[in-house]
Amino acid sequence: MNPLSAKTAQRALADSALALLAACVAIAMFLPPMAAATLASLPRAVAAGLTLVLALPLHWLFVGIAAHRLGRPVAAWVGMAVLLFPVGGAAALILLAGLLQQRAPQAAAAP
């Protein structure tokens with residue numbers, strides 16, 4: 001794996017984690033402790049909904065980019081992130097980051 005590919009994979013994983021965090025916060029705005037306050041305010045409800053609509057596809061897109069850069073099957077990783085949301089998305093991030101860390105020492109040892 002060339003250094004540019006590893007760097008773009010690492011960047012995609014970081015961006016995917018931020019998008020997942022934003023999506024989870026937007027979902028939390030509609031859960032019982034905050035649902036009444038969110039639904040009482042139209043701007044807050046629209047902001048949470050738009051955040052969710054934008055953050056989820058970005059999370060899946062970045063998981064796919066990272067999988068592609070690491071030479072893994074994109075459909076399998078994105079499918080896991082979609083079908084098992086949000087735990088599957090977090091698991092995909094953790095597993096892909098582990099694969100990236102395993103490849104880094106191998107790439108440094110290669111001439």
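## Tour of a predicted helical model

Select leucine 70 to begin: at 0% relative accessible area, leucine 70 is buried, since the cut-off for buried is under 20%. This is a predicted model. Leucine 70 sits in the loop that links helix 3 and helix 4.

**Stop two: helix 3 against helix 4**

Show helix 3, residues 42-69, together with helix 4, residues 74-83. Their axes are 8 Å apart and pack at an angle of about 150°. That angle is over 145°, the cut-off for this class, so helix 3 and helix 4 count as roughly antiparallel. The crossing of helix 3 past helix 4 is right-handed. Next, display the side chains of the contact. From helix 3, pick His59, Trp60, Val63, Gly64, Ala67 and His68. From helix 4, pick Val74, Trp77, Val78, Ala81 and Val82. How do these residues divide by class? Eight are nonpolar, three are polar and none is charged.

**Stop three: helix 1 against helix 3**

Keep helix 3 and bring in helix 1, residues 3-28. The axes of helix 1 and helix 3 come within 7 Å, and they cross at roughly 155°. This pair is therefore also roughly antiparallel. What is the hand of the crossing where helix 1 passes helix 3? It is left-handed. The contact of helix 1 with helix 3 has 18 nonpolar residues, with five polar and two charged.

**Stop four: a salt bridge in helix 1**

Stay on helix 1 and select arginine 11 and aspartate 15. Their side chains form a salt bridge, with 3.3 Å from N to O. The count for the model comes to one salt bridge. Both residues belong to helix 1 and are four residues apart, about one turn of the helix. Is arginine 11 buried or exposed? Its relative accessibility is 56%, so arginine 11 counts as exposed; the cut-off is over 50%.

**Last stop: a cis peptide bond**

Move to proline 86, in the loop between helix 4 and helix 5, the latter spanning 87-109. Select phenylalanine 85 as well. Check omega for the peptide bond from phenylalanine 85 to proline 86: the bond is cis, with omega near -5°. For context, most peptide bonds are trans.

Note on methods. Residues are numbered from 1 along each chain as its sequence is written. This is a predicted model: local features need pLDDT of at least 70, side-chain atom pairs count only at pLDDT 80 or more; totals for chains, interfaces and linings use all residues. Side-chain values use heavy atoms; hydrogens and water are left out. Axes are lines fitted to C-alpha atoms, for helices over the stretch in contact, and angles run from 0 to 180 degrees between N-to-C directions. Helices (H or I, at least four residues) and strands (E, at least two) are DSSP runs, numbered from the N terminus. Angles under 35 degrees count as roughly parallel, over 145 as roughly antiparallel, 65 to 115 as roughly perpendicular and the rest as oblique. A crossing is left-handed if the near helix is turned anticlockwise from the far one by less than a right angle, and right-handed if clockwise. Ala, Val, Leu, Ile, Met, Phe, Trp, Tyr, Cys and Pro count as nonpolar, Asp, Glu, Lys and Arg as charged, and the others, Gly among them, as polar. A salt bridge is a side-chain nitrogen of Lys or Arg within 4 Å of a carboxyl oxygen of Asp or Glu. Buried means under 20% relative accessible area, exposed over 50%, partly exposed in between (1.4 Å probe, protein chains only). Contact means heavy atoms within 4.5 Å.
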